[in-house]
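Have the viewer open as you read.

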Amino acid sequence: MKYLLSVLAACLMAVTAWAATDVKTDVKEVSTPGGLSAWLVEDHSLPFVALELGFQGGTSLDAPTRRGAIYLMTGLLQEGSGDLDAREFARRADELAARFYFDSSDDSVTISVRFLTEHRAQVLALLRDVLMQPRYDQDAVDRVRAQVLSGLRSAAYDPDDIAGRTLNKLLYGDHPYGVTGEGTLETVASLTRDDMLDAHSAVFARDRVHVAAVGDITAEALAGALDDLLGGLPETGEPMPAVTVPDIQGGTTVVDFQTPQSVVLFAQPGIEQDDPDFFAAFVMNTILGGDGFASRLMLEVRENRGLTYGIYTYLVLGDLAVSYLGGFSSSNARVAEAIDVVRTEWERAATEGFTEDEVARAKTYLTGAYPLRFDGNGRIASILVAMQEADLPIDYIATRNDKVNAVTVADVNRVAAELLQPELLQFVVVGQPEGLAAATSN
């Protein structure tokens, strides 16, 4: 057993070094006899495979009265399947030197598996039982539910969580994006084992799965393994929720919370990834608030005025809605000033645009940092599944930097004028900010 763990550790370190210096972009599409498809980066230099499964829908598939069911169900996937209870499942995975990771988000449930080539059949058989024969033993349900409830109680007193929940509710109302995927104390407390089985069948279906494999496996072997692994899943799962548009009216909402430092989130309408102007918006955001200490907002809010330790912005690309978000924290005495600076910089970017030097530096940063994302087989497999979920082409890795480099200063400034809407900036402030009333508007 110690030998197998040493081999796995060596493989992980070697793969990380390999990926950091030589990103592989030879992605093949594999079609199985049973009608499934997957993306594969084949490399036989190490006896190691990373397999990633993404099931679209995620916690957004929860019924309104069962919020948190899919999150709880995902947390129970490693708590036993088939003839193995939670302890036996963990022991069997350890014997095989296999690693399983289960996660859920608004838009997907992901399963990540790492295994040695020699144990492929046994590891995939273990995963097949997770998908086809989940146990959801009552003691496991009760134990994991208690952990979730504890997290929800803690989140109720966390200003960052409060800000996120408040902003999502303002933007999305009763849409699934407007509620937390973890559920509420009331809904989670009421969940039953039958709810876990219903959540399982809602998510795990052939019509929503995306697959990527990276490492020591051939296309033929992957095709056969996937039909065996996924062929028994139902053809369809729960219907996908409706696409929506965030309701962003502008203004400031204050949530009174006793803390010396206010947490601030802000939002405005975003841009779709398939929009022809997306890469211009991507470069623009990097300059405005996406490039850490080099961004305009960081310079003006932190460096020049000392109003925060950090500020950020990013384009949110959800399956069901898009938006443009940012956030920072500031002392209660100065948070109103910080918000004014953000509005001013938003307006300045929209009306004056950006310089040639700013655009050039942003493009250099974006293209230079991109290869660093591919820091191992597992990370590459995760990226490939995310690409499929976003409906990106299979050659995106090879062409992405070309799209960034094609952006001109004129493109960035035109998009800034069109996309940035300072009058629609919606702020949520959690704290006791001086000079801001508890439900003010622009």
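What follows covers the sheets, a helix contact and the cavities.

## Ground rules

This is a predicted model, where local features need pLDDT of at least 70, side-chain atom pairs count only at pLDDT 80 or more, and totals for chains, interfaces and linings use all residues. Residues are numbered from 1 along each chain as its sequence is written, and side-chain values use heavy atoms, with hydrogens and water left out.

Helices (H or I, at least four residues) and strands (E, at least two) are DSSP runs, numbered from the N terminus. Strands count as paired if DSSP finds at least two bridges between them.

## The six-stranded sheet

Start with an open sheet of 6 strands, ordered E1-E2-E8-E3-E7-E6 with mixed pairing. Its edges are strand E1 (28-31) and strand E6 (99-104), each pairing on one side only. From one strand to the next, the twist averages 20 degrees; axes here are lines fitted to C-alpha atoms (for helices, over the stretch in contact), and angles run from 0 to 180 degrees between N-to-C directions.

Inside this sheet, E3 and strand E8 (residues 209-215) run antiparallel and are joined by 7 bridges. Helix H9 lies across E1, strand E2 (37-42), E3 and E8, and runs at about 140 degrees to E2.

## The five-stranded sheet

There is also an open sheet of 5 strands, in the order E9-E13-E10-E12-E11, again with mixed pairing. Strand E9 (251-256) and strand E11 (311-317) each have a single partner strand, so one side of each is left without a neighbour in the sheet. Neighbouring strands are turned by 20 degrees against each other on average, direction ignored.

E9 runs parallel to strand E13 (residues 426-431), and 6 bridges join them.

## Two crossing helices

Two packed helices are described by the angle between their axes and the distance between the axes. For helix H10 (residues 278-290) and helix H13 (residues 356-369), the axes come within 9 Å and cross at roughly 105 degrees. H10 and H13 are therefore roughly perpendicular to each other (the label covers 65 to 115 degrees).

On the H10 side, the contact (heavy atoms within 4.5 Å) uses Phe 282, Val 283, Thr 286 and Ile 287, while H13 brings Glu 358, Val 359, Ala 362, Lys 363, Tyr 365 and Leu 366. By class, that gives 7 nonpolar, 1 polar and 2 charged residues; Ala, Val, Leu, Ile, Met, Phe, Trp, Tyr, Cys and Pro count as nonpolar, Asp, Glu, Lys and Arg as charged, and the others, Gly among them, as polar.

A cavity is a set of points on a 1 Å grid over the protein atoms alone where a 1.4 Å probe fits but cannot get out, and lining residues have an atom within 4 Å of a point. Volume is the space filled by probe spheres set on the points. The largest cavity holds about 50 Å³, and its lining has 2 nonpolar, 5 polar and 3 charged residues, including Asp 62, Arg 67 and Asp 106.

The second largest cavity has a volume of about 40 Å³. Its lining is Val 49, Leu 51, Phe 115, Leu 124, Ile 217, Leu 222, Ala 225 and Leu 226. Strand E3 (48-56) and helix H9 (219-230) are the elements that give two or more residues to this lining, with H9 giving the most, at 3 residues. By class, the lining of the second largest cavity has 8 nonpolar, no polar and no charged residues.

How values were computed. 1 Å grid on protein atoms, 1.4 Å probe; cavity = no way out; pocket = protein on both sides within 12 Å on 5 of 7 lines; lining within 4 Å. Parallel < 35°, antiparallel > 145°, perpendicular 65-115°, else oblique.
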